[in-house]
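Here is a brief report on charged side chains and how they pair. Look at the model first, then read on.

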Amino acid sequence: EFAAAEGADAVEKRKVAGKHLDEAAKYFSDALERYPDRMDLYERAARVELFREKPEVALAVIQKGLDIFPLKTEIDGTGLPRAIHLANLKAEILVGQKKFDEVRAMAKELRGLNNPRMASVAEFHEARLAAIEEKWAEAATRLQKVRTRLVGFTELEALAGAIQGFCHTQL
């Protein structure tokens, strides 16, 4: 609401919103110091930094979380890495920064986990890059195949469908 504020008081609304975001960032920074074992705090802190338009800080927070909860060794009861949501958020930020080689490296790391569900997440990220590179037919085909394998990743599944639809409109 505040970031998209318009009208005569828009500058003041943005200033107020900025102060609230600064307070939130400090809160989460303090919380991470006190509770470094709370994985959810890393994602929340990173999202606050994104709202503050500080993607590099967000990436640093995410990386700290990934260092504490390695994808390879911190596995939950379903067989998935506990911090996969951090890895997906990192990929999202990297795409926004046009750091496509780093996204490819992440996909390779996910494939290296020898987990079929992680291979599907890697395939999604690679197919998304194909769409960004305007390889419409390839991206649409890959996204169609991977969508059904993104069980448990509803955000990625929805994004895959949206990107696939966009690719079809480009053909």
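Glu109 counts as partly exposed, because its relative accessibility is 44%, a value between the 20% limit for buried and the 50% limit for exposed. The model is predicted. Glu109 sits in helix α5, which covers residues 100–111. Take Ile93 as a reference point. Glu109 and Ile93 are 16 residues apart in sequence. Their C-alpha atoms are 17 Å apart in space.

**Salt bridges**

How many salt bridges does the structure hold? The count is 19. Side chains of opposite charge can pair when their charged atoms come close. The cut-off here is 4 Å between a side-chain nitrogen of Lys or Arg and a carboxyl oxygen of Asp or Glu. Three of these pairs are listed below.

| Pair | Closest N to O distance |
|---|---|
| Arg44 and Asp40 | 3.6 Å |
| Lys99 and Glu56 | 3.0 Å |

**Within one helix**

Start with Arg44 and Asp40, whose closest N and O atoms are 3.6 Å apart. Why are Arg44 and Asp40 separated by about one helical turn? They are four residues apart in helix α2, residues 39–51, so about one turn lies between them. Arg44 is partly exposed, with a relative accessible area of 47%. Asp40 is partly exposed too, at 24% relative accessibility.

**From a loop to a helix**

Next comes the salt bridge between Lys99 and Glu56, at 3.0 Å. Lys99 lies in the loop between α4 (84–96) and α5, while Glu56 belongs to helix α3 (residues 55–68). The two are 43 residues apart in sequence, so the pair ties together separate parts of the chain.

Arg142 counts as partly exposed, because its relative accessibility is 22%. The pair also belongs to a network. Salt bridges with shared partners join Arg111, Glu123, Glu126, Glu138 and Arg142.

Note on methods
Residues are numbered from 1 along each chain as its sequence is written. This is a predicted model: local features need pLDDT of at least 70, side-chain atom pairs count only at pLDDT 80 or more; totals for chains, interfaces and linings use all residues. Side-chain values use heavy atoms; hydrogens and water are left out. Buried means under 20% relative accessible area, exposed over 50%, partly exposed in between (1.4 Å probe, protein chains only).
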